[in-house]
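Here is a short report on one protein model. Look over the sequence and the structure first, then read on.

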Amino acid sequence: MPQHLSLVAIVVDEYDTAIDYYVGTLGFELREDAVQSATKRWVVVAPHGASTGLLLARAADERQRHAIGNQSGGRVFLFLETDDLVRDYQIYRERGVRFVEDPRHEAYGVVVVFEDRYGNRWDLIERAGG
């Protein structure tokens, strides 16, 4: 049975603020933005050419608001692969992305951890031999 992961939901404060960050700062594309009700939208962003996207889910209650930026308990939550880490690292730094370390070499490639506008940790990875 062929399957694939199509979306990962990420809890955000407001739709437009999140779109501005993921599209404007990280350079993702806005794939969908449809009104579902007076308080809910279906908003999907993704890196260009990626098959898996992020569903930007606006926090609907206090419990969800507490999860913003901490969906993985402080661990790296999302993994963004690139063909040129140095290029993307410089672009993101110029756009104000907060890196929590300098790029480092690992057996699998070069990696650097950054936090998105909410505090979720991401690995930016350039795979070895990729």
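## Surface and charge

The accessible surface of the protein comes to about 7800 Å². Carbon and sulfur atoms hold 48% of that surface. The model is predicted.

Charged side chains number 15 positive and 21 negative. The centres of the two sets lie 4 Å apart.

## Fold and dimensions

Three helices and nine strands make up the elements of the protein. Read from the N terminus, their order is β-α-β-β-β-α-β-α-β-β-β-β. The radius of gyration is 15 Å, close to the 14 Å that the globule rule gives for 130 residues, so the protein is as compact as a globular protein of that length.

Along the principal axes, the C-alpha atoms fill a box of roughly 45 × 35 × 25 Å. Among contacts with a separation of 6 or more, 51% join residues 24 or more positions apart.

## The nonpolar core

Of the 130 residues, 35% count as buried. The largest nonpolar core has 26 residues. Those with the most contacts inside this core are Tyr22, Phe28, Leu54, Leu56, Tyr92 and Phe114. Elements that give two or more residues to the core include strand 1 (7-12), strand 4 (53-58), helix 3 (85-94) and strand 8 (109-115). Helix 1 gives the largest share, five residues.

## A look at Tyr22

Which residues does Tyr22 touch, leaving aside those up to four places away in sequence? Its partners include Ile10, Phe28, Val45, Leu54, Leu56 and Trp122. Gly27, Asp116, Tyr118 and Asn120 are also among them.

Definitions and conventions. Residues numbered from 1 in each chain as written. Predicted model: local features only at pLDDT ≥ 70, side-chain atom pairs only at ≥ 80, totals over all residues. Heavy atoms only, no water. Helix = DSSP H or I, 4+ residues; strand = E, 2+ residues; numbered from the N terminus. Rg over C-alpha atoms; globule rule 2.2 N^0.38 Å. Buried < 20%, exposed > 50% of the residue type's maximum accessible area, 1.4 Å probe, protein only. Contact = heavy atoms within 4.5 Å. Areas by Shrake-Rupley, 256 points an atom, 1.4 Å probe, with all protein chains shown as cover. Lys, Arg positive; Asp, Glu negative; His and termini not counted. Charge placed at Lys NZ, Arg CZ, Asp CG, Glu CD. Core = buried A, V, L, I, M, F, W, Y, C linked by side-chain atoms within 4.5 Å.
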